[in-house]
Amino acid sequence: MSMLERIERSGVVAIVRLDDYSRAPEMARALADGGVEAVEFTYTNPAAGEAVRATKAAMGGDMLVGAGTVLDPETARAAILQGADFIVTPTLQVDTIRLCQRYSVPTVIGAFTPTEILTAWESGATIVKVFPASVGGPRYLKDVRGPLPHVKLMPTGGVSFENAGEFIRAGAVGVAAGSNLVDAATIAAQDWKTLTERARRLVAAVREARNEYPG
């Protein structure tokens, strides 16, 4: 099963942006227990590479492990060498797409305007990350899909339990959730039960919306 198929099956990518990545494998396991099949560790933390490596080693094929907030091809290559299954950028980066294509690694490329979105897609992005999705909300994503129905879109930024279903009904292939799903206090407390319940709740919201709107 391809990365795209697995993300579409779960419908959720967990974004981990924390100061402490020492418990990366444990948090990934808790997310997986809740039905999430993809996690990205943002490279705003220098320990992200080790988090990718350790999580891959601990989880095997149970979780897709990605590198997030990748700003250039050099960082993308370093993440790939650490074992990243996919690369996520916050902005449109054609050179990074090309580098990842060279290594046959899928990409989730950040874009916002229709021009950026189409450019990312035509340049080879596996999924286009609509960021920041909080600016336009589900209505904006729905409007973009009008002329661009073939583009795989994933909203990021401001995704919550309350609006995840709205984004799916607007035509999103899945959603990416950050602090509303994985927050520093929960991880510091090693409250894996709460993290699993949040994951389960978000996955359920996505699935319920899909039953209403099969796409």
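This is a predicted model: local features need pLDDT of at least 70, side-chain atom pairs count only at pLDDT 80 or more; totals for chains, interfaces and linings use all residues.

Q: Why is the pairing of Lys152 and Glu8 called a salt bridge?
A: A salt bridge is defined as a side-chain nitrogen of Lys or Arg within 4 Å of a carboxyl oxygen of Asp or Glu. The N to O distance between the side chains of Lys152 and Glu8 is 3.4 Å, and therefore the pair meets the definition. The helices (H or I, at least four residues) and strands (E, at least two) are DSSP runs, numbered from the N terminus.

Q: What makes Lys152 and Glu8 count as partly exposed?
A: Buried means under 20% relative accessible area and exposed means over 50%, with partly exposed in between, for a 1.4 Å probe and protein chains only. Lys152 has 28% and Glu8 has 26%, so each value falls in the partly exposed range.

Q: How do you know that Arg198 and Asp183 form a salt bridge, and where do they lie?
A: Their closest N and O atoms are 2.4 Å apart, which is within the limit and so counts as a salt bridge. Arg198 lies in helix α10 (residues 192-212) and Asp183 in the loop between β8 (175-177) and α9 (184-188), so the pair ties together parts that are 15 residues apart in sequence. Asp183 has a relative accessible area of 19% and is therefore buried. A search of the whole structure finds 12 salt bridges.

Q: Why is Thr55 called buried, and what does Thr55 touch?
A: Thr55, which lies in helix α3 (residues 48-59), has a relative accessible area of 0% and therefore counts as buried. Leaving out residues up to four places away in sequence, Thr55 touches Ala24, Pro25, Ala28, Phe41, Gly60 and Val65, where contact means heavy atoms within 4.5 Å.

Q: What makes a group of residues a nonpolar core, and which members of the largest one touch the most others?
A: A nonpolar core is a set of buried Ala, Val, Leu, Ile, Met, Phe, Trp, Tyr and Cys residues joined through side-chain atoms within 4.5 Å. Of the 63 residues in the largest nonpolar core, Leu31, Phe41, Ile87, Ile117, Leu181 and Val182 touch the most other members. Apart from this core lies another, of 14 residues, among them Leu4, Phe86, Ile127 and Ala176.

Q: Why is one space called a cavity and another a pocket?
A: On a 1 Å grid over the protein atoms alone, a cavity is a set of points where a 1.4 Å probe fits but cannot get out, whereas a pocket is an open set with protein on both sides within 12 Å along at least five of seven lines. The structure holds 1 cavity of 30 Å³ or more, and the largest cavity has a volume of about 40 Å³, a volume being the space filled by probe spheres set on the points, which are joined across faces, edges and corners. The second largest pocket holds about 200 Å³ of space, and of its 13 lining residues (those with an atom within 4 Å of a point) the closest to its centre are Ile15, Arg17, Phe131, Thr156 and Gly178.

Terms used:
Residues are numbered from 1 along each chain as its sequence is written. Side-chain values use heavy atoms; hydrogens and water are left out.
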